[in-house]
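Student: I would like to learn how to read a model of this kind. Please take me through some features one at a time.

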Amino acid sequence: NGIPNVDVPEIELIIKASTIDGRRKGACLFCQEYFMDLYLLAELKTISLKVTTVDMQKPPPDFRTNFEATHPPILIDNGLAILENDKIERHIMKNIPGGYNLFVQDKEVATLIENLYSKLKLILVKNDENKNNALMLHLRKINDHLAVRNTRFLTGDTMCCFDCELMPRLQHIRVAGKYFVNFEIPTDMDALWRYMYHMYQLDAFTQSCPADQDIINHYKLQQMVKMKKHEELETPTFTTSTPVDITK
């Protein structure tokens, strides 16, 4: 499950398993974000990466012994376990070879993408025109930023931490927004679709991306709705298509 290499540190990332099938990746946004960060570093061969999924409904005894009630993501570097999201981020940036280069300083982009996810959660709780418009407006701002910069990713032509943060959230907006409230990212947001198209080509995204069913079940559990038996048995699907004319 990792990209092995000699003479480089092995980093282990423990992520939440699917709530449908404990062998699959779950729909935890932070797990995917750090998986992407570390996958990029493993591709650059500055680390070797081992990813372990833990079924939080029945965690193995050694997990409980070591981490008690802590939920993933958990990063393990040379026997040292880092348990909190902001500490994991700081550790990747300061202690993991190559990590510093992922953490680009760009205040405009940082401000641009913050609070996007909270707008999805609002429309899932109670969808009305105002909440729908707020999410649409935020996506439009990201689209316009990408159009003006005219780069493949948020800050340039190489991926950085902001892309690893934004793209999993866009995927949740796309899959859960459509399923629960029929929200769709408009096809006229060319720059945003082009951005997503490029992300869908990358192993860092596809290897870390949860199935549509797991994203949907993530929100069903929050709403205390049980999944139907036939949904649990569905073959996992991954929405990675884009409107036809955006690859130009």
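Student: How many disulfides does a search of the whole structure find?

Tutor: A disulfide is a covalent bond between the sulfur atoms of two cysteines. Here it is counted as a pair of cysteine sulfur atoms within 2.5 Å, and a search of the whole structure finds zero. Cysteine 160 is in no disulfide, and its nearest cysteine sulfur, in cysteine 161, lies 4.7 Å away.

Student: What should I know about the model itself?

Tutor: The model is predicted: local features need pLDDT of at least 70, side-chain atom pairs count only at pLDDT 80 or more, and totals for chains, interfaces and linings use all residues. Residues are numbered from 1 along each chain as its sequence is written, and side-chain values use heavy atoms, with hydrogens and water left out.

Student: Is cysteine 160 buried or exposed?

Tutor: Buried means under 20% relative accessible area, exposed over 50%, and partly exposed in between, with a 1.4 Å probe and protein chains only. Cysteine 160 has 1% relative accessibility, so it counts as buried. Cysteine 31, at 3%, is also buried.

Student: At what angle do helix H6 and helix H11 pack?

Tutor: Helices (H or I, at least four residues) and strands (E, at least two) are DSSP runs, numbered from the N terminus. Axes are lines fitted to C-alpha atoms, for helices over the stretch in contact, and angles run from 0 to 180 degrees between N-to-C directions. H6 (residues 116-125) and H11 (residues 212-222) pack at about 60°, with axes 12 Å apart. Therefore H6 is oblique to H11; under 35 degrees counts as roughly parallel, over 145 as roughly antiparallel, 65 to 115 as roughly perpendicular, and the rest as oblique.

Student: Which residues meet there?

Tutor: Contact means heavy atoms within 4.5 Å. Tyr117, Leu120, Lys121 and Leu124 of H6 meet His218, Tyr219 and Gln222 of H11.

Student: What does isoleucine 173 touch?

Tutor: Leaving out residues up to four places away in sequence, isoleucine 173 touches Leu116, Leu120, Leu135, Leu139, Lys178 and Phe183. Isoleucine 173 sits in helix H8 (residues 161-181) and is buried at 0% relative accessible area.

Student: Where is the cis peptide bond?

Tutor: It joins proline 72 and proline 73, with omega about 10°. Proline 73 is in the loop between helix H2 (61-67) and strand S3 (74-77).

Student: What is phi at asparagine 78?

Tutor: Phi there is near 55°, a positive value in a residue other than glycine. Asparagine 78 belongs to the loop between S3 and strand S4 (80-82), and at 75% relative accessibility it counts as exposed.
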